[in-house]
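Let's take a walk through this structure together, one chain at a time. Have a look at it first, then read on.

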Amino acid sequence: MAAGTTTAEMTSAAPVTRRRTPTGDAIRQLRKNKMAVVGLIVILIMIFIALFVDTSLFTFFTGGKAQPLIAPYHYAEVDFLHANAPPLTRTEEGKFYILGTDYLGRDNLSRTLYGSRISLSVAIVAATVSLIVGLIYGMISGYGSAVRDNFMMRVVDFLYGFPLIIFIILMQVYFKALSATDDTNPFVAWLIRIDDAMGGIFLVFVAIGLLNWLGMARIARGQTLSFKRKEFVEASRSVGSNDGRIIRKHILPNILGPCIVAETLAIPGYILLESFLSFIGLGANPPTPSWGIMISETYQAMRVAPMNVFAPAVALTLTTLAFNFLGDGLRDAFDPRLAD
Amino acid sequence: MYKRSYVVMLLLALAAMVFSACAAPAVPAGDSSGSDGDMAGDMGPVTVRYNLATEPPTVDPALSTDTTSSAVIRSIDVGLTRLNPEDSSAEPSLATDWSQSDDGLTWTFNLRTDIPWVKYNADSGEVEEVTGDDGSVMYVTAPQVEYGIKRACDPETASDYAYILYVIDGCEAANIGEGAVDDIAVTALDDATLEISTTYAASFFPQIVSMPTAFPTPQGVIEEFGDVWTEADNIVSNGPYAMSEWIHNDSMQLVKNPFSPLWAEDSRAGNVDVYNFVMIEEASTEFAMYENNELDDSTVPQDQMDAVFGDGSAYGDEGHIAPNNCTYFYGFITKKEAVSDPNVRRALSMAVDRVTLVDQILKGGQEPANSFTNPANFGTVAFDPEVAPWALTEDLGGTGYAAAVEMGKQLMADAGYPDGEGLTLTIGHNVSEGHARIAQAIQAMWTAAYPAIQVNIETQEWGVYLDSIENDAPMENKPDVYRLGWCADYPHANNWVHEVFNPDAGSNRIMITPDDPAIGDLVAEYTQLTKDAQTASPEDSLAMYKRAEQLLVDEMAAIIPIYFYTTVRITKPWLNRLYANDPYFEYWTLDQSGQEGM
Amino acid sequence: MTAYIIRRLLYAIPVLFCIILVTFLLARSLPGGPFDRAGDKTLPESIRQNLEAKYGLDDPAYIQFANYLGGIVRGDLGPSYSYRGRSVNQIIKESFPISLQLGILSILLAVIIGIPAGIIAALKQNTWIDYSSSFVAILGVSIPNIVLGPLLIYVVSVQFGWLPAARWGANYKQFYFGWIPPMTKDFWIHAILPVITLGTAFSATFARLTRASLLQTIREDYIRTARAKGLTEYGVIMRHAMKNSMIPVVTVFGPLLIGVVTGSFVVERIFGIPGMGEFFVTSITNRDYPIVLGTTLLYSVGLVLANIGVDLAYAWLDPRIRYD
């Protein structure tokens with residue numbers, strides 16, 4: 001075992017064998033793990049809710065104001081006279097609050113459903129960004145010379161030592177200034193529109209992904225190192241394949257599986273990071289709901305209006321459990337040595 | 001090979017031991033207040049368990065700026081004067097009486113000289129008088145007050161609150177490095193007489209010297225220990241209590257100073273021998289400790305208001321609400337395009353349903369505010385229906401909310417934004433659960449009153465937020481509407497309308513200037529008015545402050561006063577305490593049998 | 001071996017230097033300074049200048065940085081800006097042992113829950129026993145501390161009155177050698193709730209590691225041999241498989257501890273524990289640069305040492321690994 005082994009490497013997937021695992025095998029293996037299947041179903045339901053909680057998926061293209069679709073009410077619709085209402089409250093105005101209301105009289109069910117949008121998308125955005133950056137960095141590091149490898153890994157060591165919160169505050173300042181400028185570039189304008197829709201934390205989580213690729217880089221590097229000496233890679237090289245082709249055709253397909261698995265297991269971490277940032281007040285702008293914000297807004301009310309905190313907390317716990325089980329199942333599936 | 005498994009086994013065994021050990025003891029409720037809790041035996045000292053909520057950033061009087069520090073300092077030190085807990089007037093403390101010269105510029109304070117410096121002796125567990133080299137007891141004297149004030153003004157001390165003393169002749173010059181500290185016009189004529197000259201005739205000066213910044217400090221100890229003179233092992237003090245222990249970020253203990261004349265002379269004095277302070281920041285945790293009988297007094301978390309104060313409260317009459325000399329307000333950055341029209345600003349202020357906000361959301365007995373200056377100050381016009389009547393209910397002679405919104409709709413339409421059409425605003429506030437609630441409620445109120453308006457809320461981390469509303473910050477970084485609170489340094493309108501918003505004197509974050517095309521004349525009038533009020537006779541100044549508030553809140557409509565703060569506490573039935581702006585720990589009484597009975 | 005450690009430490013110096021430099025620059029690039037305000041009030045320009053002069057913030061940045069480095073060489077991390085009269089050294093000395101105690105106890109709890117859960121899960125792969133033991137282990141990480149902490153306080157302390165609601169049962173004046181808390185009843189009863197809150201969040205890590213590692217080990221040839229020798233299944237697992245599959249589990253302890261100690265902000269806040277976690281967050285909000293740098297440095301040094309420790313633990317546990 002070489003120097004510089006860390007937690008990230010060890011918590012990651014167990015080493016993958018030289019054989020390529022046909023995807024079919026993996027799926028069959030995955031289907032044996034019932035909890036992983038349940039996890040997958042839960043995640044798909046959550047994604048469905050996030051997409052269709054209101055009509056904004058359509059109005060994003062057609063323009064106009066989005067209307068609630070799955071959610072009974074809009075997340076910012078207040079009802080001051082029915083604040084902290086208990087579940088199953090029916091008001092004189094004919095409103096029906098299945099899970100009660102929060103301190104401004106907003107429907108807990110609606111906010112929890114809307115919350116899936118922020119909580120899931122920040123996690124998936126950060127995971128995707130970190131997967132891409134980490135994969136590329138790790139492959140370059142692992143595939144190249146020992147000197148380059150050593151240097152690139154020292155850079156990773158160095159980035160590990162940073163306080164994340166400073167970055168997050170800086171990025172919020174920076175992105176706020178960015179959104180204040182009238183950028184004519186349609187891509188930037190589009191990004192800012194998404195960012196606004198998500199309460200100003202979309203870009204922050206893009207940036208978190210850009211910072212959190214370190215563990216991924218280490219996994220990708222380790223995997224690349226072990227594959228680049230394999231017979232079939234040597235064979236490919238001997239018939240004249242260049243580096244690009246070897247990486248594309250032989251290294252990447254082999255290491256992608258374990259990396260995706262590791263990233264799936266990292267998603268709950270991002271969801272919890274969002275709730276931590278909300279707790280210290282660096283989450284999305286109000287009144288945008290995310291599970292983290294809803295929890296940190298209402299945990300003090302646990303005793304007087306328990307549903308205010310339990311609704312988002314159960315949603316958050318279910319989702320992180322689902323990702324954990326799916327990730328564990330995927331890892332088993334991608335590692336043929338663990339098959340029974 | 002065996003070695004390796006030993007490691008694992010050892011770890012597991014250790015862990016098992018740890019957790020079996022901690023599963024065993026059952027704790028009787030009430031005996032869990034930490035190591036100090038069991039001091040209270042039958043004849044033990046009267047002990048109050050109280051949460052300071054945070055580590056006091058300092059207990060050096062010259063450096064104190066916050067309420068936590070000041071609560072501790074006012075218990076262990078005395079100033080020339082002290083504020084009456086009822087009406088905030090200055091009453092004698094170290095100074096027995098004082099007089100103002102005919103031109104109003106010079107103050108003479110006559111001091112008592114029988115208050116000794118004391119120190120807690122950890123070995124004997126007693127508070128002892130400090131003695132000089134010759135063995136005689138050292139008393140607090142005028143030269144030490146002179147030293148205290150000069151030290152606070154000295155730029156080397158770098159006191160945050162030195163500017164409070166800028167009213168003293170020479171203090172500002174010394175503090176900004178343009179004059180000598182020796183030239184500050186504070187002179188001890190003898191041990192019992194102190195003379196102070198001010199730059200203008202400030203009627204509120206006796207209240208200013210009640211602030212810790214102007215307290216006497218022990219020169220010898222400060223010079224001996226430097227920055228750490230305030231640690232429990234080093235500190236000498238002279239107040240009704242002395243510090244016996246300070247465990248940073250965790251707890252502090254104050255014990256009664258038997259040598260303080262207050263105990264014998266002040267009829268309001270209480271009976272508490274020991275204060276065990278803890279520093280719990282989380283309000284819900286503090287409340288849980290109160291319920292678990294680990295504290296005798298606690299704040300009431302916002303969400304518990306109904307439970308504590310509602311009908312049939314399980315807490316009986318343990319809840320207490322008292323006014324607090326602070327005002328919560330929204331300010332407009334008047335140079336921002338969206339809010340540059342005073343009619344728009346008034347319409348927005350009118351559409352804030354203060355009563356609903358206070359009754360349905362805050363629930364802490366706060367008062368809806370129609371003026372900036374809090375009712376507890378000299379020169380206030382709070383609840384006066386001639387000032388912003390649309391912010392007041394009909395009961396108080398105001399218009400009520402429904403009528404206010406109708407007026408607002410008209411103003412909004414006149415300004416070219418019918419129903420708010422075309423108006424986009426950003427409310428900025430710093431990170432805090434409470435601020436977020438209020439911002440979201442006001443966003444909803446504005447949207448209800450002006451359906452086409454677009455209101456965004458932007459939450460910023462404190463430092464970033466304050467930076468963005470500084471006057472020199474780039475305009476595009478500023479929100480249109482910003483949130484802040486203001487608490488009185490001393491109970492006088494000057495500390496409000498002049499020191500906060502006068503464009504020549506205050507921080508003026510609302511950015512009003514006399515060349516504003518819409519309100520320039522009003523700004524000029526305001527600027528002159530609050531300055532003149534400083535030297536006017538108290539009777540004359542009342543009218544001037546009223547006019548200033550009318551300008552600020554209604555005609556210029558540069559701020560939206562929202563509510564006047566309250567202190568909301570829950571107190572065990574066996575503790576009788578005051579609910580003033582400062583705790584006044586020396587006036588609390590505790591019934592030990594009640595506390596023991598739990 | 002000694003040469004290897006020295007080489008690793010020397011390697012760490014440039015990395016640490018860069019971390020200090022970049023943190024120094026980043027912290028100062030945050031808008032707002034440490035002396036802009038007192039509470040809700042902003043301070044006049046002249047007051048701010050006095051404070052900046054007192055703490056040397058009016059010097060050019062490179063001189064400030066050089067002074068700071070000089071301080072580090074002397075072992076002085078500078079004064080705190082937000083707690084007047086207290087030094088960063090003192091703050092770390094007072095609060096770090098508490099976080100460390102909380103962290104170690106939490107990880108022990110995580111081990112106690114996680115390892116058995118992992119073993120059971122591995123031996124009964126893809127059965128309901130596997131699922132339910134994994135579920136228990138993963139549940140801890142899935143419930144946010146912000147929910148679990150107040151819930152425990154409410155149920156255990158307020159409803160049943162079994163345990164104190166908050167605080168740590170020992171303080172820095174009572175620690176033996178400055179690190180070890182007195183093992184009093186007071187200490188343990190205060191530790192239970194925060195340790196459960198924090199510890200359960202890490203049980204999944206151990207369960208997952210144990211499960212994966214054990215699954216691999218029981219397919220190794222020597223385990224087959226052991227089985228062939230006729231040992232009972234229990235004997236095979238306990239005597240042979242466990243030893244080797246524990247290697248990654250034991251070595252994860254150090255780096256995880258660093259993460260736990262620095263990541264305990266929420267638990268420390270909720271339980272009113274005067275530990276280090278608080279300073280990682282509040283120092284940044286207060287723009288208390290010396291504490292920002294001091295805590296970052298502590299974290300990085302801890303990480304470097306933990307990583308070296310991991311490698312050494314490997315060498316010690318697995319005779320096939322040699323460093324020279």
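Before we start, one definition: a residue is called buried if 20 or more other C-beta atoms lie within 10 Å of its own. Keep in mind, too, that this is a predicted model.

**Chain A**

How much of chain A is buried? Of its 340 residues, 54% count as buried. As for secondary structure, chain A has 14 helices and 2 strands.

**Where chain A touches chain B**

On this interface, 20 residues of chain A are in contact with 27 residues of chain B. Which helix gives the most to chain A's side? That's α7 of chain A (residues 164-180), with 4 residues. Sorted by class, chain A's side has 16 nonpolar, 3 polar and 1 charged residues.

**A sheet in chain B**

Over in chain B you'll find an open sheet of 4 strands, in the order β1-β12-β11-β10, with mixed pairing. From one strand to the next, the twist averages 20 degrees. The edge strands, β1 and β10 of chain B, each pair on one side only. Inside the sheet, β11 and β12 of chain B run antiparallel to each other and pair over 5 bridges.

| Strand (chain B) | Residues |
|---|---|
| β1 | 47-51 |
| β10 | 241-247 |
| β11 | 251-256 |
| β12 | 274-278 |

What packs on this sheet? It's helix α2 of chain B (residues 67-76), which touches β10 and β11 of chain B. The direction of α2 makes about 135 degrees with that of β10(B).

**Two helices in chain C**

Finally, chain C. The axes of helix α6 (residues 145-159) and helix α7 (residues 185-217) of chain C come within 10 Å and cross at roughly 150 degrees. Angles over 145 degrees count as roughly antiparallel, so α6(C) is roughly antiparallel to α7(C). The crossing itself is right-handed.

Which residues make the contact? From α6(C) come N145(C), L148(C), G149(C), L152(C), I153(C) and V156(C), and from α7(C) come L193(C), I196(C), T197(C), L198(C) and A201(C). By class, the residues of this contact divide into 8 nonpolar, 3 polar and no charged.

Notes:
Residues numbered from 1 in each chain as written. Chains lettered and ligands numbered in written order. Predicted model: local features only at pLDDT ≥ 70, side-chain atom pairs only at ≥ 80, totals over all residues. Buried ≥ 20, exposed ≤ 12 C-beta atoms within 10 Å, placed from the backbone. Axes fitted to C-alpha atoms, helices over the stretch in contact; angles between N-to-C directions. Parallel < 35°, antiparallel > 145°, perpendicular 65-115°, else oblique. Left-handed = near helix turned anticlockwise from the far one by under 90°. Contact = placed C-beta atoms within 7 Å. Nonpolar A, V, L, I, M, F, W, Y, C, P; charged D, E, K, R; others polar. Pairing = 2+ DSSP bridges.
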